[in-house]
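Okay, thanks everyone, I'll keep this short. Let me put the structure up and then walk you through it.

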Amino acid sequence: MANRQNQTQAGTNIQEVRQQNAQASQGQQGQFGTEFASETNAQEVRQQNQQAEARKGQNAGRQSR
């Protein structure tokens, strides 16, 4: 029963959660974290989206003929 002091009523390990929160606040967010966001070129994505929309418009025009 002494171990119960370190757990919530639902059985969550309080110390483990505190440790995870501390790591997250230091930027050590597990396997993925912000890895993908830092590799994304927003301008390139916008350009690709514009090109895709333009192609959609062209294809829609061809189908309506």
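Predicted model: local features only at pLDDT ≥ 70, side-chain atom pairs only at ≥ 80, totals over all residues.

The chain averages a pLDDT of 77, and 69% of the residues score at least 70.

How much of the chain is buried? Of the 65 residues, buried ones make up 0%. The accessible surface comes to about 6,200 Å², with 44% of that belonging to carbon and sulfur atoms.

Now, helix α1, residues 14-25. With 12 residues at 1.5 Å a residue, α1 should span 16 Å, and its end C-alpha atoms sit 17 Å apart, which agrees. Have a look at the start of α1 too: a side-chain oxygen of asparagine 13 reaches to within 3.0 Å of the backbone nitrogen of glutamine 15.

On to α3, and the salt bridge. How many salt bridges does the structure hold? One. It pairs lysine 56 with glutamate 53, and the closest N and O atoms are 3.3 Å apart. Why does that pairing make sense? Both residues are in helix α3, residues 42-63, and they're three residues apart, which puts about one helical turn between them. In general, an α-helix has 3.6 residues a turn, so residues three or four places apart point the same way.

And are those two partners buried or exposed? Lysine 56 counts as exposed, at 53% relative accessibility. Glutamate 53 is partly exposed, with a relative accessible area of 49%.

That's my tour; happy to take questions.

Key:
Residues numbered from 1 in each chain as written. Heavy atoms only, no water. Salt bridge = Lys/Arg side-chain N within 4 Å of Asp/Glu carboxyl O. Helix = DSSP H or I, 4+ residues; strand = E, 2+ residues; numbered from the N terminus. Buried < 20%, exposed > 50% of the residue type's maximum accessible area, 1.4 Å probe, protein only. Expected span 1.5 Å × (residues − 1). Polar contact = N/O pair within 3.5 Å; in protein donor to acceptor, adjacent residues only side chain to side chain. pLDDT = per-residue confidence, 0-100. Areas by Shrake-Rupley, 256 points an atom, 1.4 Å probe, with all protein chains shown as cover.
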